[in-house]
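I opened the model to look up a few local features and then the contact between chains. My notes follow in the order in which I took them.

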Amino acid sequence: MKLDAKSPSGPIAGRWDRHKFEMKLVNPANKRKYTLIVVGTGLAGASAAASLGELGYNVLNFCIQDSPRRAHSIAAQGGINAAKNYQNDGDSVYRLFYDTVKGGDYRSRESNVYRLAQLSVNIIDQCVAQGVPFAREYGGLLDNRSFGGAQVSRTFYARGQTGQQLLLGAYQSLMRQVHEKTVTLFPRREMLDLVLVDGKARGIIVRNLTNGKIERYAGDAVILATGGYGTAYYLSTNAVNANVTAAWRAHKRGALFANPCYTQIHPTCIPVSGEHQSKLTLMSESLRNDGRVWVPKKKGDARPPAQIPEAERDYYLERKYPSFGNLVPRDVASRNAKQVCDEGRGVGDSRLSVYLDFTDAIKRLGVDEVKEKYGNLFHMYKKITDEDAYRVPMRIYPAIHYTMGGLWVDYNLMSNVPGLHVLGEANFSDHGANRLGASALMQGLADGYFVIPYTIGHYLASSPLPKVTTDHDAFKQAADNAQQGINRLLAVKGHRGIREIHRELGRILWDDVGMARTEASLKRALAAIPGLRDEFWHSVSVPGSPDNLNQSLEYAGRVADYLEFAELLAFDALDRRESCGGHFREESQTPDGEALRDDANFTYVAAWEFKGVGRQPELHKEPLEFEEVHPTQRSYK
Amino acid sequence: MRLTLKIWRQAGPNVAGRLVVYAADHVSPDMSFLEMLDVVNEGLIKKGEDAIAFDSDCREGICGMCGLVVNGIPHGPDRGTTVCQLHMRRFKDGDTITIEPWRAKAFPVVKDLVVDRSAFDRIIAAGGYVSVNCGGAPDGNAIPISKDVSELAMDSAACIGCGACVAACKNASAHLFMSAKISHLALLPQGQVERARRVVQMVTQADAEGFGSCSNEGECEAVCPKEIPISNIARMTREYLRAVVRI
């Protein structure tokens with residue numbers, strides 16, 4: 001299979017403009033004749049459904065929650081980047097582009113990233129116009145902060161609830177289109193299959209989660225915005241219902257899955273407290289702007305933090321990375337936390353955490369200012385840990401947070417399956433091997449508000465799309481397939497809890513396909529996963545009936561898919577014998593322990609083709625070219 | 001900790017429900033309330049019994065998906081806290097805890113502790129937005145907004161749409177929910193164009209959904225996990241009067 005990324009050529013700054021001009025248009029009067037299926041209502045899905053509705057398309061929009069406003073984009077705290085240069089500190093589209101390519105460790109596509117940086121400025125304008133209450137300065141202009149390893153202040157924020165406010169902005173625009181009847185909403189629906197007719201994506205099969213009915217929907221194109229696969233690890237900062245099912249089922253129908261091994265571990269999460277834990281809570285890394293990360297110099301030092309004198313503390317990020325200090329990118333901060341804990345210098349009861357200390361910030365800024373900046377995060381920390389971070393340092397530890405990998409898409413955000421488009425975290429395209437802070441919101445909204453409205457028109461106008469109804473054999477076959485999957489889960493009638501098996505899978509992935517991976521650990525994971533999958537299909541207990549709300553059945557279906565997907569994740573990590581971004585292979589590091597890329601052999605996107613459950617998937621490579629930003633060893637010293 | 005749970009079980013929207021007693025042993029004080037229910041469910045699932053249905057998603061207090069009435073109080077005893085952020089250290093060994101769904105005519109029970117809150121979406125659809133299409137927005141700094149106004153709008157915009165305000169209100173009124181969105185947009189310059197139309201349409205929709213009226217008891221404010229103040233309702237009332245006088 002030849003992968004054509006359809007990246008435009010020519011000077012990078014003019015590529016998107018020229019591409020927009022070269023794309024075909026759909027006549028305004030004809031737009032309502034096209035039905036577009038959008039799955040997901042997070043930033044990417046809601047913004048896509050709303051903008052496509054505004055253009056006049058007939059949009060069907062699906063989500064698993066009771067309301068589109070629940071999607072997990074809502075939990076993003078820190079902010080959204082935009083190259084506005086409002087602070088006059090030297091920012092530009094080119095700099096945001098450069099930082100993103102470098103931050104992604106030279107494993108993303110230059111054309112896509114440049115477009116993302118260009119569109120970032122339009123996103124802010126659009127969101128302000130919607131009434132998103134971004135933070136302001138006293139003069140009334142928008143406030144910015146420096147965030148997640150950037151040396152300019154380009155991050156826009158709404159307290160610690162930026163994701164919430166941006167999502168509600170998109171949700172409100174979506175509900176306006178629902179009112180206008182251009183968008184029809186289908187909440188509490190889970191996509192179980194993608195329907196292909198004549199090789200094109202023409203519909204989906206969903207389960208109505210309220211009454212259990214298998215429903216069929218036909219359209220002219222399918223847009224997946226179904227998020228990432230972080231919950232494969234069981235414990236992650238993702239919502240508990242987040243899953244890979246829609247993307248995985250599309251993969252099984254032929255869509256290539258790219259770079260699954262690029263997983264992001266977020267450095268500032270609240271540490272695990274016990275076996276019962278269902279998810280991990282992230283605290284915005286904006287905390288690292290003012291908090292100082294440290295551990296005791298001595299191994300096993302169990303004194304309370306206040307009793308450890310300054311001279312016996314190791315502010316290891318400031319020591320090792322003097323120019324970036326506590327603001328090094330996420331992967332670097334996370335790996336260093338793991339390293340000091342592995343050395344036996346971790347803190348807290350579990351010894352699996354490091355301090356994030358605000359004592360100096362409180363001295364410098366005063367409690368009130370710290371409260372204004374981070375009050376909600378301190379409050380959240382107190383709720384969960386029962387500790388007051390104004391008095392004792394926070395304890396933090398890394399957790400799976402975001403997944404850069406996803407379904408392969410070209411410059412038009414279309415997968416290799418004609419008509420199947422993939423947006424936001426569900427695709428792989430813009431973040432390379434590591435996503436920079438405050439860039440996920442930017443990508444989700446760029447894809448939905450400003451990319452797909454153009455590229456979908458080009459697809460529709462340039463493809464023959466004969467009318468297809470849900471009576472077509474392909475729909476019947478896919479619906480039967482979905483029903484059989486459900487029957488199979490209910491028929492196992494074993495004795496083991498679904499959560500118990502999911503937790504076991506999570507432990508395999510965290511230990512062996514986690515923050516640091518080796519050939520041996522990956523082979524161990526690949527040996528263990530099929531066994532666990534068999535165990536699931538022989539001994540899982542899925543009670544209840546298929547014909548009403550059955551959360552056990554929903555959960556079991558998602559875990560079943562993760563048990564297949566996990567192997568792909570490990571295959572990809574094994575195949576990539578280099579370290580880059582969020583993928584750290586211990587065999588490939590510099591003498592001082594930093595990630596060492598192997599550009600000669602691995603400057604490509606690994607796009608995997610499904611070949612059957614438990615079978616080695618087939619690798620297709622999309623070579624990456626760097627004309628603008630020349631790969632160097634990332635250094636934050 | 002060992003607890004006795006009395007949990008509302010209801011197989012579907014049109015059948016009668018009842019409180020069923022469960023024993024929860026081995027409860028750790030560090031568990032969240034929903035993690036405690038996960039453990040109870042895991043026990044039921046292993047025995048092949050239908051798990052207790054309840055909604056949740058982000059489990060960090062921001063998505064608004066969870067909502068249980070715990071001992072008569074929506075989201076439980078802690079102020080400014082969703083039930084997913086309520087921790088078991090708040091309870092004592094040997095306690096009996098009653099767990100029920102939101103109860104309101106406009107929020108019919110789907111199953112057990114899960115209710116249908118789509119009425120809230122329809123209220124937003126009736127006018128809870130600024131009608132700007134994507135593409136034509138002016139520069140973000142073209143609209144200066146004073147920091148005070150912006151902060152006040154943000155206080156209202158913080159609503160997570162969980163519906164606790166409705167569940168707490170003896171009239172099952174959606175006034176706090178509605179007034180939060182109306183305030184957020186009425187305070188900002190972007191919301192001025194549709195200011196009058198918005199409040200009238202949203203209030204009309206809430207009436208049609210079967211939500212009650214406000215009688216100033218303030219239970220909504222007391223249970224709101226985001227501590228949205230009741231002064232929003234006063235603002236909404238002023239907005240409504242202003243709108244109907246002018247229209």
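Lys493(A): I counted 12 C-beta neighbours inside 10 Å, and since 12 or fewer is the cut-off for exposed, Lys493(A) counts as exposed. The model is a predicted one, so I took the cut-off as it stands. Lys493(A) sits in the loop between helix H12 (473-492) and H13 of chain A. I looked at Lys493(A) for its backbone: phi is near 50°, which is positive, and the residue is not a glycine.

Arg351(A): I found another non-glycine residue with positive phi here, at about 60°. Arg351(A) lies in the loop that runs between helix H8 (330-342) and strand S14 (354-357) of chain A. Is Arg351(A) exposed or partly exposed? It has 14 C-beta neighbours inside 10 Å and therefore counts as partly exposed.

H3(A) and H4(A): I next checked how helix H3 (residues 93-103) of chain A packs on H4(A). Their axes come within 8 Å and cross at roughly 135°. The angle lies between 115 and 145 degrees, so the pair is neither roughly perpendicular nor roughly antiparallel; H3(A) and H4(A) are therefore oblique to each other. I noted the hand of the crossing as right-handed.

Which residues of H3(A) meet H4(A)? From H3(A) I listed Val93(A), Leu96(A), Phe97(A), Thr100(A) and Val101(A). Their partners in H4(A) are Glu110(A), Val113(A), Tyr114(A), Leu116(A), Ala117(A), Gln118(A) and Ser120(A). By class, the contact of H3(A) with H4(A) has 8 nonpolar residues, 3 polar and 1 charged.

Contact of chains A and B: I recorded 67 residues from chain A and 67 residues from chain B. On the chain A side, at least two residues each come from helix H2 (43-55), helix H4 (110-130), helix H5 (162-179), helix H13 (498-512) and helix H15 (551-575). H5(A) supplies the largest share of that side, with 9 residues. I sorted the residues of chain A that touch chain B into 30 polar, 21 nonpolar and 16 charged.

H5(B): I finished on chain B, with helix H5 (residues 175-187), which has 13 residues. From first C-alpha to last, H5(B) reaches 17 Å, close to the 18 Å expected at 1.5 Å a residue. Is H5(B) mostly covered or mostly open? I found H5(B) mostly covered, with 13 of its 13 residues buried.

Terms used. Residues are numbered from 1 along each chain as its sequence is written. Chains are lettered from A and ligands numbered from 1 in the order in which they are written. This is a predicted model: local features need pLDDT of at least 70, side-chain atom pairs count only at pLDDT 80 or more; totals for chains, interfaces and linings use all residues. Helices (H or I, at least four residues) and strands (E, at least two) are DSSP runs, numbered from the N terminus. The expected span of a helix is 1.5 Å times one less than its number of residues. A residue is buried if 20 or more other C-beta atoms lie within 10 Å of its own, exposed if 12 or fewer, and partly exposed in between; C-beta atoms are placed from the backbone. Two residues are in contact if their C-beta atoms, placed from the backbone, lie within 7 Å. Ala, Val, Leu, Ile, Met, Phe, Trp, Tyr, Cys and Pro count as nonpolar, Asp, Glu, Lys and Arg as charged, and the others, Gly among them, as polar. Axes are lines fitted to C-alpha atoms, for helices over the stretch in contact, and angles run from 0 to 180 degrees between N-to-C directions. Angles under 35 degrees count as roughly parallel, over 145 as roughly antiparallel, 65 to 115 as roughly perpendicular and the rest as oblique. A crossing is left-handed if the near helix is turned anticlockwise from the far one by less than a right angle, and right-handed if clockwise.
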